[in-house]
Amino acid sequence: MHTAPDSGQVGSTLPIIGVLALQGGFEAHEKSLHTIGCATRRVRSPADLQGLAGLVLPGGESSTMLKLIGWNDLWEPLDAFVRAGNPVLATCAGLILAASGVTHPAQKSFGWLDIDVARNGWGRQNESFEAMDDAQRLRCVFIRAPRITRVGSAVEVIATFGGEAIAVRSGNLIGASFHPELAEEAGLHRALFAPEVLAAGAPLLHPTPGRSANVPAKI
Ligand code: GLN
């Protein structure tokens, strides 16, 4: 089986970050990744994971993604890729896939992040809104966003809105309930995938509690 073609020039030594491209908002993530100096590859089959330096799970419809992950035999390869300690950014529907518990309604998830989420928890009536996080560092676009309803003790909260966790980190994995790819700054992409961050090596999946976030002061 052939892997999908990579963006960027042939023979380039840019790190290649995979973007799960079964459904949803993968194109804006590709743009953010190109902005910070990465090449990208659309991940649609197990072979597409080979040689990647990291992975993005985009927003979209998590129940549809789950079906497509099953149909494309991606469940175990994705699980192995993340548990191997590779850097991963999971946004919105991606966060729902990464969580250990999902409600409204309950559905299957990978359980990489020790958090619970309520699907569409930021409101159906006001399905989409934009706001700054409490620290005024991240512009956050919420689109039928999941609400983080529990944060495990080893999970670090890296951004809040109205006092509630909206972005979390556990070792190599950052999860956000909003869409960082729709803000120009690409701060969360940079925190995981900037070439100098990748060169420093991926942290372990389960860090010791209290480990400080690797988010630049100015995002
Ligand atoms: N509401 C969607 C879900 O439950 C997530 C929304 C999004 O990714 N923008 O999967």
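Start by selecting Q136, in the loop between β7 (128-132) and β8 (139-143). Helices here are DSSP runs of H or I with at least four residues, strands are runs of E with at least two, and both are numbered from the N terminus. Q136 has a positive phi of about 60°, although it is not a glycine. Is Q136 buried or exposed? With 7 C-beta neighbours inside 10 Å, Q136 counts as exposed. The scale works like this: a residue is buried if 20 or more other C-beta atoms lie within 10 Å of its own, exposed if 12 or fewer, and partly exposed in between, with C-beta atoms placed from the backbone.

A word on what you have loaded. Residues are numbered from 1 along each chain as its sequence is written. This is a predicted model, so local features need pLDDT of at least 70 and side-chain atom pairs count only at pLDDT 80 or more, while totals for chains, interfaces and linings use all residues.

**Zoom out**

Show the whole protein as a cartoon. There are 6 helices and 12 strands. Of the 219 residues, 42% count as buried. Now think about contacts, meaning pairs whose C-beta atoms, placed from the backbone, lie within 7 Å. Among the contacts with a separation of 6 or more, 67% are between residues 24 or more positions apart.

**Helix α1**

Select residues 26-35, which make up helix α1. Its buried residues are F26, H29, E30, S32 and L33. Look down the axis of α1: these residues fall within an arc of 165°, so they line one face of the helix. The arc is taken from the directions that run from the helix axis to the C-beta atoms. In general, an α-helix has 3.6 residues a turn, so residues three or four places apart point the same way. What do the buried residues of α1 pack against? Their partners are β1 (16-20), β2 (39-43), β3 (54-57) and α5. Just past the end of α1, G37 takes a positive phi of about 95°.

**Helix α2**

Next, pick residues 62-71, helix α2, where S62, M65 and I69 are buried. They cover an arc of only 55° around the axis, which puts them on the same side of α2. Turn to the other side and you will find G70 and W71 exposed. The buried residues of α2 pack against α3 (75-83) and α4 (93-98).

Keep going into the loop between α2 and α3, where D73 lies. D73 is another stop with a positive phi, about 55°, and it is not a glycine. D73 is exposed, with 10 other C-beta atoms within 10 Å.

**An open sheet**

Now show β5, β6 and β9. These 3 strands form an open sheet in the order β5-β6-β9, with mixed pairing. Strands pair if DSSP finds at least two bridges between them. The edge strands, each pairing on one side only, are β5 (99-103) and β9 (147-151).

Go through the pairings in turn. β5 and β6 pair in the parallel sense over 4 bridges, and T103 has A118 in β6 as its bridge partner. Strand β6 (residues 113-118) and β9 run antiparallel, joined by 4 bridges. Here D116 stands opposite R150 in β9, and I115 has V151 as its bridge partner.

In the loop between β5 and β6, look for P105. A cis peptide bond joins H104 and P105, with omega about -10°.

Which residues surround the ligand? They are G59, G60, E61, S62, C92, A93, I96, R119, N120, I143 and R144. This shell divides into 4 nonpolar, 4 polar and 3 charged residues. Ala, Val, Leu, Ile, Met, Phe, Trp, Tyr, Cys and Pro count as nonpolar, Asp, Glu, Lys and Arg as charged, and the others, Gly among them, as polar.

Finish at H179, in the loop between β12 (173-176) and α5 (187-193). H179 is buried, with 22 other C-beta atoms within 10 Å. Leaving out residues up to four places away in sequence, H179 touches G25, G59, T91, C92, V141 and I143. Also show F142: its C-alpha atom and that of H179 are separated by 6.4 Å, though the two residues are 37 apart along the chain.

Terms used:
Two residues are in contact if their C-beta atoms, placed from the backbone, lie within 7 Å. A residue is near a molecule or strand if its C-beta atom, placed from the backbone, lies within 6 Å of it.
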